[in-house]
Amino acid sequence: MARLADYFIVVGYDPDKAGSGEGCGKIIQRFPKKDWDGTVFPQGVEMFCQPGGWRLSRERKPPTFFTVVLTDIDSERHFCSCLTFFEAEVNLQGSKTLEADGDGAEDVDEEEEEDGLIQPAQIFAPKSLILVSRLDYPEIFRGCLGLIYTVYIDSLSFPLEGLVANLFTCLVPVAGGSQKLFSLGAGDRQLIQTPLNDTLPVSGKSVALLFQQL
């Protein structure tokens, strides 16, 4: 049996380093706060969760999800699932630190210069929710992160700490072909199909299609 997830991390835009040119991210929260025995907390998560760089935007972009695989010094693989969304905040230093979104950005800057002032503007900063696991279940992690994101954005009456804690208490067989049903505690039902062999992951794809293509 193995934990479904080892770490849950919230990474946000670092406004204190915004004046250094390229934007930076910082870890806002991590659960648990202490490392598990035998499972080291991954370093540099604030860099890999934004492969395109930490950039502010004039518009709210849709959430994105992707998974990366980190290999530690002992050749152990850690699957890091990342859901990124944008939150509104007030840019008190003006809007010249934003990424260029076309002619509209130039018009706003011209109006600000004509007034002789740099007006505060509403901007959107990226924030990432990250799950780190030794198990390869990207669709399950997408569903779990999506549920946590929905509870957070819609201010639903479910404690976020309880949802995250249920991830760590869920134990999954490494192999054997059995099914595991669990819930994060928000009225959801998550089903995991374990692989028959620990070296052959469950892909959900047709093996017959593979041989047809060959």
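# Reading a predicted chain

Guide: From the N terminus on, the elements of the protein chain run β-β-β-α-β-β-α-β-α-α-β-β-β-α, which gives five helices and nine strands. The model is a predicted one, and buried residues make up 39% of the 214 residues in the protein chain.

Visitor: What makes Val11 a buried residue?

Guide: Val11, which lies in strand 2, has a relative accessible area of 0%, and buried means under 20%, so Val11 counts as buried. Leaving aside neighbours within four places in sequence, Val11 is in contact with a list of residues that includes Gly25, Ile27, Val45, Cys49, Trp54 and Ile130. Val11 and Pro126 are 115 residues apart in sequence, yet their C-alpha atoms are 8.7 Å apart in space.

Visitor: How do you know that the buried residues of helix 4 are on the same side?

Guide: The buried residues of helix 4, which spans residues 160–169, are Leu163, Val164, Leu167 and Phe168. They cover an arc of only 140° around the axis, and therefore they are on the same side of helix 4. The face turned away from that buried side carries the exposed residues Glu161 and Thr169.

Visitor: Which residues have the most contacts inside the largest nonpolar core?

Guide: That core has 29 residues, and those with the most contacts inside it are Leu4, Phe8, Leu131, Tyr137, Leu167 and Phe182. The elements that give two or more residues to this core are strand 2 (7–13), strand 5 (77–91), strand 6 (121–133), helix 3 (138–153) and helix 4, and the largest share, seven residues, comes from helix 3. Leu167 touches Leu4, Ala5, Leu131, Cys144, Ile148 and Leu184, not counting residues up to four places away in sequence. Apart from this core lies another, of 16 residues, among them Tyr7, Phe48, Trp54 and Cys80. In soluble globular proteins, nonpolar side chains tend to be buried together.

Visitor: How many aromatic pairs are there, by the rule used here?

Guide: The count comes to five aromatic pairs.

Visitor: Why is the pair of Phe85 and Tyr149 called tilted?

Guide: The ring centres of Phe85 and Tyr149 are 4.9 Å apart, and rings pair if their centres lie within 6.5 Å. Their planes stand at 55°, whereas stacked requires under 30 degrees and edge-to-face over 60, so the pair is tilted. Phe85 lies in strand 5 and Tyr149 in helix 3, so the pair ties together parts that are 64 residues apart in sequence. Ring pairs also link Phe85, Tyr149 and Tyr152 into a cluster, and Phe85 is buried, with a relative accessible area of 1%.

Visitor: What makes Arg3 a residue that lies over the face of Trp36?

Guide: Arg3 is at 3.8 Å from the ring centre of Trp36, and the rule asks for a distance within 6 Å, together with a position within 35 degrees of the ring normal. The charged end of Arg30 likewise sits over a ring, that of Phe41, 4.1 Å from its centre.

Visitor: How do you know that Cys82 is too far from Cys49 for a bond?

Guide: The closest cysteine sulfur to that of Cys82 is in Cys49, at 5.0 Å, and a disulfide needs the two sulfur atoms within 2.5 Å, so the distance is too far for a bond. The sulfur of Cys170 has its closest cysteine sulfur in Cys144, at 8.3 Å, which is also too far for a bond. The count of disulfides comes to zero. Cys82, at 0% relative accessibility, counts as buried, and Cys170, at 5%, counts as buried too.

Visitor: Why is Ser155 called exposed?

Guide: Its relative accessibility is 62%, and exposed means over 50%, so Ser155 counts as exposed. Ser155 lies in the loop between helix 3 and helix 4 and has a positive phi of about 50° although it is not a glycine. Ser75, found in the loop between strand 4 (64–71) and strand 5, has a phi near 65° and is exposed, with a relative accessible area of 58%.

Visitor: Which peptide bond is cis, with omega near -15°?

Guide: The bond from Phe31 to Pro32 is the cis one, and Pro32 has its place in the loop between strand 3 (25–31) and helix 1 (45–48). Most residues other than glycine have a negative phi, and most peptide bonds are trans.

How values were computed
Residues are numbered from 1 along each chain as its sequence is written. This is a predicted model: local features need pLDDT of at least 70, side-chain atom pairs count only at pLDDT 80 or more; totals for chains, interfaces and linings use all residues. Side-chain values use heavy atoms; hydrogens and water are left out. Buried means under 20% relative accessible area, exposed over 50%, partly exposed in between (1.4 Å probe, protein chains only). Helices (H or I, at least four residues) and strands (E, at least two) are DSSP runs, numbered from the N terminus. The arc is that of the directions from the helix axis to the C-beta atoms. A nonpolar core is a set of buried Ala, Val, Leu, Ile, Met, Phe, Trp, Tyr and Cys residues joined through side-chain atoms within 4.5 Å. Contact means heavy atoms within 4.5 Å. Rings of Phe, Tyr and Trp (its six-membered ring) pair if their centres lie within 6.5 Å; planes under 30 degrees apart count as stacked, over 60 as edge-to-face and the rest as tilted.
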